[in-house]
Every structure is written in structure tokens, then in C-alpha cells.
Amino acid sequence: MDALLTGAAEVLSGWTLLYMLIGSIAGIVAAAIPGFTVTMAIVLTLPLTFSMEPLTGISVMLSVYVGGYTGGLISAALLGIPGTPSAVATTFDAFPMARNGEPGRALSLGVWASFFGTVISTLVLIVAAPPLAIFAVRLGPWEYFSLIVFALTIVASLVGNSLQRGLIAALIGLALSTIGDDPIMGRPRFDFGLEVLAAGLPFLVVLIGIFAISQLASEVEDVGAIRSGKKLVKGEIEFHTWSVMREVLMRPVNLVRSAVVGVCVGALPGAGGSIANLLAYDQARRASKTPEKFGTGIPDGVVASEAGNSATAGGGLIPLIALGIPGSAVDAILMASLMVHGIQVGPRLIMDNADLVYGMFIAMSVASLMMLVVCVLSMRVFLRVAEVPKWLIVPAVLVCCVVGSFALNNRVTDLYLLGFIGVAGYTLRALDYPLAPLVLGVILGPIAETNMRRALMTDADWTLFLTRPVSLVLLIAAVLSIGWAVRGHLKSRKTTETSA
């Protein structure tokens, strides 16, 4: 109880609430602009939180996180262009609804579904994370290594259209994670005698280069679109907030089912909101008595997709808080934020920093309420932000990326790495390689290596990975995950060949 009150006192303080409000607005604005993702918004927010208290900083980032998952529906509903990858399925019914003369209803449905999805996921997080952490304390390095292997197979099987490209991207990330000092012995390796690589590749520099720089480079490919500077949004938006809220609550089965799908998918390392968005929509269509109406502007489609993607916010925090495993690239940034403040993330997080964890629970609830209020009261203002031309947005964001990368360690060499990694990320994007597995490979690689070496240093018998029950179950799950991914890939290829 003392830890709960301590966390609540810090989160509910005046300055923290003000910073969270600004973060919520920033997340919604960033996600409302097509091409500028939640991950990019979180990356740009991170350097601003270094001088804050740990709980204040993480509360601000959670506000950006929750707001970003909702903001993507603005352009998805009005333009048919998902503001973020997690809003892809939202376009299927929200855009037809807007084209049918109900843009306000489409936006309101999405906002309320996102709010309830986040609340449900937060409740699951509060219930599930502490027991899982108590269980995880009893796990050894063998189980943790097997868990990372399982996480990496899920990453590879759930991204992109090509299983091979997903695996290659994950392997590239694992290779990059070995550059720099040995995590156990501290000896330099794979730096090729280059001073710029002596300190390794900072995770945040890799993250900004892979996601932000490559995305900005993609945005400036079309010179004509940049020169034209034409507006993205036109017309007025009308809301019927309370009637739409009742409309959402009149679909409790769809709402709860979609939120549970989002929580489960979010808890899988590497899955994320884009998978939850599509999977929740698919489940709603399968369970509907009128599946043929999906895609024509049906409310159930909007509710399912938005509740599903927003619920991944709470779901992704479950493995992060309980196991120290980031569920997505965004969760990896949250993990990095805690580590910057000297907080060890893992099974003992709840026991050693109970006030911080309970404060995160409260911050999630407050952030979801702030998102709702901001969206309902200020949606017309946010729509004007989406009209800003690319020739102004791209250089402004690029400057923020450079400043954020330099501020991490105050090293000029990090800027060289940022440029090189950005070019590499752009090349991989152009070749249709998924970037999420690469980034998660960078963050999970050192954890896997450290636990494998600790296990072998404790006992040289490698068969313990197979004879310890939990480790064996996780390795079997990894094999099944790979088999399922290969099966899905072969089935998809067979369908494509048949249709061709």
C-alpha cells in the first residue's frame, strides 16, 4: 500500500500531469501524420526525459505511447491512409464510414474503442504482471535463454510478407549486437580496429537510424509531392461523443474480445499493434452474423481494430515488467529509459522498485483518460497539424533525431553511426526487409548471449537447456512457432500461385 501511495503521489503531482498532457498531445499529433510512427515519437521523447525523475519520465513516455496508438486513426478514417502501421485495419471500415458522410462518427468510435481497449489492457497488466514476476524470479539463465530464443522466433514469424527476409533481418540485428565490448569479460570484439566501433553500437542510435532516418529518406523520394505542399485534410468534423460512447458499449463482446486479442498479441515479443489491429478485426468479422458488411463502414470493424491495437500498450508492458523482455520496439525504448536511470529491468523490478511499477499502472490509466479528453476536445486542431507540408516536417524531425542521438552520450562518432545506420535502414526498407526484427535482435541479442554464457559458466552440461522443464517447454514452443510460420508461408505462397 505504501508503494502504491508513493507512486500515485508522484504521478498525480501537478508537473507530472502537465508533462503527461503534453506527451499525450505529442503522441496523437505524431501518429496523425502519415509515415511518422509511434516509435519515432517515443524515440524523440526519450532524450527529453533524461533530466526527469524515473517515474515522471516513464509516465511521459507512456502518455506518448497511448496517444500515439489512438492518433493513427485520424488519417486512417479521413484519408484512408493509416497514420501508423497499427491503424491499417482501421481504414477498412472507418474510411468508408467517413466517405458515407459520417467522419465524426468514425473518429469518435475509434477514440472510445481505443480508450476502453487501453483500460482493459491496464487491468490485465495489473493482475498478470505481479504473479508472473514472482514466478520469473525462480527462473535461471537456462530458462531466460530459451525465452529469448522463443521471442526471436515469434519476431521472425510475424513480420513482413517474407519469412526469409524476417529471419535475415533478425540475424543482422543479432550480429550488430555483438559489436563492442564482451558483456561478460569486457574484451573488445568485432570493432575491426575502428575507433567509431570501439564502444559498440548504442541501441538508441540504431533505433533512430533504422526507423526514423530511413523513414524520412523514404518521405523525400517524391519530389513533386514535397514541392506541391498540398493539404492532406479538408472539411469540418462534427462529434456526437456520448451517443457514440453508448454505441461502443452496446458491443461488449466485440470490445472485450478485441482488447484481449490486443493484450495477448502485445505480450508476445515483437508482435505489436499492427498484428493486433488486423487479428482483432479478423476475429470480429469471423464472429459476426453479417461478415459481408465488413469493409463497407460497419461500426464493429472500427471498434475491433482500434480496441485491438490500443490494448497492445498494456499487453506489451507485461513481459517488460515481469520478465525484462520488451514486447515491441516501443517497449524496448521504455526499457532503455529505465536503464538510463540506473534501474535494472527484470523479474526483481516489482520487488525492488514497487513504487515505480505501481506508478506505471496509474500512469497508464491517467494517460488513457488524458488521451480521451484531448481527442474529444481538440480533434479539429489536430487535423490542422496533418496539413503541414513535408518540406517543413522532414527537416524539423531530422534535426530532432540528430540532437537526440548526440545527447545520449555526447559523442560525435554517434552521429557518424547514425548516418551509416540510417542509410543501411533505408536500403533494407527499399529491399522490403522488415526493420522491427533487426531492432529487437539488437536489444535481445546481448540478453541471450549473457544468459547462455552464465548458464554454461554455472554448469558446462548443455543438456540442462533440454532437461529443465520450463526451458524445454520454451524451446518446444520456439520449434512450434517456426513450424507454424513456415506452414503459413507455404500456404500463402500456394494461394498466390493458385490465384496467378
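**Salt bridges**

I began with the salt bridges and found a count of 5, taking a salt bridge as a side-chain nitrogen of Lys or Arg within 4 Å of a carboxyl oxygen of Asp or Glu. A note to myself: this is a predicted model, where local features need pLDDT of at least 70 and side-chain atom pairs count only at pLDDT 80 or more, while totals for chains, interfaces and linings use all residues. Residues are numbered from 1 along each chain as its sequence is written, and side-chain values use heavy atoms, with hydrogens and water left out.

I looked up R251 next, and its partner is D300, with the closest N and O atoms 2.9 Å apart. This pair links distant parts of the chain, 49 residues apart: R251 sits in the loop between α11 (241–249) and α12 (252–267), and D300 in helix α14 (residues 299–323). For the helices I rely on DSSP runs (H or I, at least four residues), numbered from the N terminus.

Then I turned to E449, which forms a salt bridge with R453, the closest N and O atoms being 3.3 Å apart. Both residues lie in helix α20 (residues 436–458), 4 residues apart, about one turn of the helix. I also checked the general rule: an α-helix has 3.6 residues a turn, so residues three or four places apart point the same way. R189 joins E449 and R453 in a network of salt bridges.

Are E449 and R453 buried or partly exposed? E449 counts as buried at 16% relative accessibility, and R453 as partly exposed at 21%. My cut-offs are under 20% relative accessible area for buried, over 50% for exposed, and partly exposed in between (1.4 Å probe, protein chains only).

I noted R411 with D414 too, their closest N and O atoms being 3.3 Å apart. R411 is partly exposed at 27%, whereas D414 is buried at 1%.

**Helix α11**

In α11 I found T241, V244, M245, E247 and V248 buried. Their directions, taken from the helix axis to the C-beta atoms, fall within an arc of 160°, so these residues line one face of the helix. W242 and R246 are exposed on the other side of α11.

Methods
Helices (H or I, at least four residues) and strands (E, at least two) are DSSP runs, numbered from the N terminus.
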